[in-house]
Amino acid sequence: MKIASTSCICPVLVCLCFVQRCYGTAHHNSIKVTRNQTKHTEGETEVHHRPKRGWVWNQFFVLEEHMGPDPQYVGKLHSNSDKGDGSVKYILTGEGAGTIFIIDDTTGDIHSTKSLDREQKTHYVLHAQAIDRRTNKPLEPESEFIIKVQDINDNAPKFTDGPYIVTVPEMSDMGTSVLQVTATDADDPTYGNSARVVYSILQGQPYFSVDPKTGVIRTALHNMDREAREHYSVVIQAKDMAGQVGGLSGSTTVNITLTDVNDNPPRFPQKHYQLYVPESAQVGSAVGKIKANDADTGSNADMTYSITNGDGIGIFSISTDKDTREGILSLKKPLNYEKKKSYTLNIEGANTHLDFRFSHLGPFKDATMLKIIVGDVDEPPLFSMPSYVMEVYENAKIGTIVGTVLAQDPDIANSLVRYFINHSAEEDRFFNIDANTGTIKTSKVLDREETPWYNITVTASEKDNPSLLSHVSVGIRVLDVNDNPPELAREYDIVVCENSKPGQVIHTITATDKDDFANGPRFNFFLDQRLPMNPNFTLKDNEDNTASILTRRRRFSRTMQDVYYLPIMISDGGIPSLSSSSTLTIRVCACERDGRVRTCHAEAFLSSAGLSTGALIAILLCVVILLAIVVLFITLRRSKKEPLIISEEDVRENVVTYDDEGGGEEDTEAFDISALRNPSAAEEFKYRRDIRPEVKLTPRHQSLSTVESIDVQEFIKQRLAEADLDPSVPPYDSLQTYAYEGQRSEAGSISSLDSATTQSDQDYHYLGDWGPEFKKLAELYGEMESERTT
């Protein structure tokens with residue numbers, strides 16, 4: 001079998017393709033031998049022969065983008081076994097078989113029915129087979145071959161990353177690389193020039209150029225100035241077929257921006273400036289602005305301003321506003337038109353970021369002269385001091401001089417000044433001022449303990465121009481006079497324990513004084529010498545502005561006296577010294593061993609149990625009500641006696657109760673006491689107690705013989721048998737009760753009535769640790785005589 005291809009790679013091969021189709025032969029390096037002609041005859045030895053070529057094929061080629069009306073002829077399959085009589089059938093399988101590629105099963109001709117795109121799929125792998133049409137047996141083994149899609153120039157170059165945005169510094173050298181652009185072509189780069197791209201510049205000359213092979217864009221001029229032109233739009237073209245006529249092309253735009261460098265020094269628009277500043281300008285305020293222009297941008301235009309010379313160098317200062325790049329002129333000292341009417345300043349502006357490559361373009365700084373004219377202003381009076389501090393003693397007489405303020409008119413006219421105090425604030429009403437001299441005097445009596453400091457505002461105005469006002473703050477300190485005696489710091493609750501010892505400190509007291517420190521502490525504590533000596537308590541001065549209360553005897557008793565009073569005296573350290581008397585109240589209380597107060601009142605025993613007066617009243621009221629109910633119940637029982645036996649006509653269920661507590665011999669009809677006795681002592685015959693029996697029981701109804709020992713269960717069984725066999729039982733249920741407690745216990749009595757009455761050795765001291773609820777019990781059983789109260 002031989003395969004012939006009709007795909008002509010180029011016009012030079014047209015003749016070879018024609019010869020190949022006519023003779024049905026193809027010369028390829030790949031030959032597959034599929035049939036072995038060696039036969040093995042029975043009884044003969046194996047003989048080897050040269051094999052014949054059964055299948056011979058090559059790679060088929062088909063042009064992409066075929067647009068003809070008829071299917072495109074691809075090639076032909078042929079087997080040596082094909083005699084041309086149609087007995088051989090050709091079968092084609094694999095990629096695209098039956099859809100893209102069809103075969104004539106008789107002639108073996110292969111055609112392409114669809115237009116193919118090499119950029120989507122470059123080749124197809126198929127399998128060919130020749131079989132006998134009559135027997136369907138294979139004449140040739142299945143063989144594999146490839147159909148390659150031949151490329152044509154149907155794809156233009158594309159810039160996948162465009163358009164581009166790029167920057168390059170201004171004043172760059174010619175040939176400085178800006179950017180490399182790359183175009184891609186989807187055609188086959190291994191076949192022809194379909195994918196061979198050449199770059200050219202369509203727009204952007206003569207400022208930029210592009211390398212035809214690499215696509216590198218470079219600057220084409222020297223010293224491109226950003227200040228002259230900043231933005232450039234460059235159009236780059238990529239053309240395939242090595243740029244030949246008929247090639248496809250694509251283009252992209254490269255936006256190039258020149259970045260700034262510091263190649264321009266700052267320049268003041270004028271060499272001389274003049275500024276008017278009134279003398280009333282406040283120190284620290286901005287009085288003017290000045291600016292130098294710089295053609296650069298960003299940090300290259302940053303500059304600083306400085307005052308290099310002039311007679312106003314100590315009066316004015318200049319700073320730089322980083323946002324506006326302006327020089328802000330500020331006032332360092334106050335201006336006075338009467339002393340100096342003008343100033344001159346030499347101001348310089350210089351770049352802060354220098355580029356030494358452009359130092360030849362000149363110094364990157366500039367200077368100008370500024371003349372400042374001071375304007376005359378009618379100024380308000382000026383006080384001699386920015387603020388005043390004065391002192392005056394409390395309790396001073398009304399009209400006492402506190403101090404004097406002084407203000408003058410700073411203008412040449414030197415007008416008279418008048419003073420006054422604005423009495424809008426309450427504290428300003430304690431003082432007044434002489435309108436002509438500025439002398440401040442008291443208008444009320446001052447009390448340092450009430451207000452130790454006054455802040456008033458004095459206003460000065462010109463007599464000729466009252467609208468011009470000046471204000472000054474005056475602080476007046478009120479000096480202390482010893483006019484307040486010392487007092488106890490607070491109301492003291494002093495407690496002394498019943499079991500206290502002589503010389504024991506029971507409390508420490510302190511004192512306070514409204515006066516200043518010089519007239520207050522140190523304090524002296526002592527007893528009133530005019531009174532007789534106190535036999536119970538004494539006072540000790542600790543010499544640290546405190547005093548201790550001490551006992552003078554052993555033990556106190558609440559029953560005899562529960563409150564004591566101790567008069568004391570306190571003096572301060574002022575000149576002259578002041579003193580005061582106070583009386584301390586001391587209560588007697590019962591305390592623990594560690595000194596903790598347990599109780600100070602007799603009714604504390606009830607309160608310790610948690611019962612208040614209201615609770616006690618409620619309990620007593622409940623007891624009275626219960627007693628009234630009991631009396632009423634007993635009265636009703638005596639007045640009305642219910643029958644013990646229910647009428648025979650009453651067929652309701654009933655519970656017969658026996659609640660009489662005794663009635664002598666008459667009680668035998670109402671209650672059978674034998675039920676409470678031991679079964680061994682019970683009577684021989686038992687009767688029901690809920691009815692009056694009329695028939696005497698027969699001997700067979702007698703109870704079982706009693707024994708000395710019988711348990712409760714057996715006792716209940718006997719009574720149950722008697723009730724079941726009793727012929728006089730009523731026609732309704734009845735409740736039988738047997739109050740039997742059982743036989744005597746071998747363990748004996750557990751009652752405490754027979755316990756020994758001898759003194760117990762039990763230690764009851766632990767009761768003192770159980771809390772206040774058990775204190776009374778601890779006193780009764782413990783040996784705590786010193787803590788007991790009567």
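**Note on aromatic contacts in the predicted model**

1. The charged end of Lys 340 sits over the ring of Tyr 343, at 5.2 Å from its centre; the criterion is NZ of Lys or CZ of Arg within 6 Å of the ring centre and within 35 degrees of the ring normal. Lys 444 likewise lies over the face of Phe 430, 5.0 Å from the ring centre.

2. The model is predicted, so local features need pLDDT of at least 70 and side-chain atom pairs count only at pLDDT 80 or more, while totals for chains, interfaces and linings use all residues. Residues are numbered from 1 along each chain as its sequence is written, and side-chain values use heavy atoms, with hydrogens and water left out.

3. Rings of Phe, Tyr and Trp (its six-membered ring) pair if their centres lie within 6.5 Å; planes under 30 degrees apart are stacked, over 60 edge-to-face, and the rest tilted. The count is 12 aromatic pairs. One of them, Phe 101 with Tyr 124, is edge-to-face, at 5.2 Å centre to centre and 75° between the planes. This pair links strand S5 (residues 101-103) to strand S7 (residues 123-132), its members being 23 residues apart; strands are DSSP runs of E, at least two residues, numbered from the N terminus. Phe 101 and Tyr 124 are both buried (under 20% relative accessible area, 1.4 Å probe, protein chains only).

4. The pair of Phe 159 and Tyr 199 is tilted, because the ring centres are 6.2 Å apart and the planes at 50°. Phe 159 lies in the loop between strand S8 (143-150) and strand S9 (164-169), and Tyr 199 in strand S11 (residues 198-203), so the pair ties together parts 40 residues apart in sequence. Phe 159 is buried at 11% relative accessible area, and Tyr 199 is buried at 7%.

5. Tyr 207, Phe 208 and Tyr 232 form one aromatic cluster.

Technical notes:
Helices (H or I, at least four residues) and strands (E, at least two) are DSSP runs, numbered from the N terminus. Buried means under 20% relative accessible area, exposed over 50%, partly exposed in between (1.4 Å probe, protein chains only).
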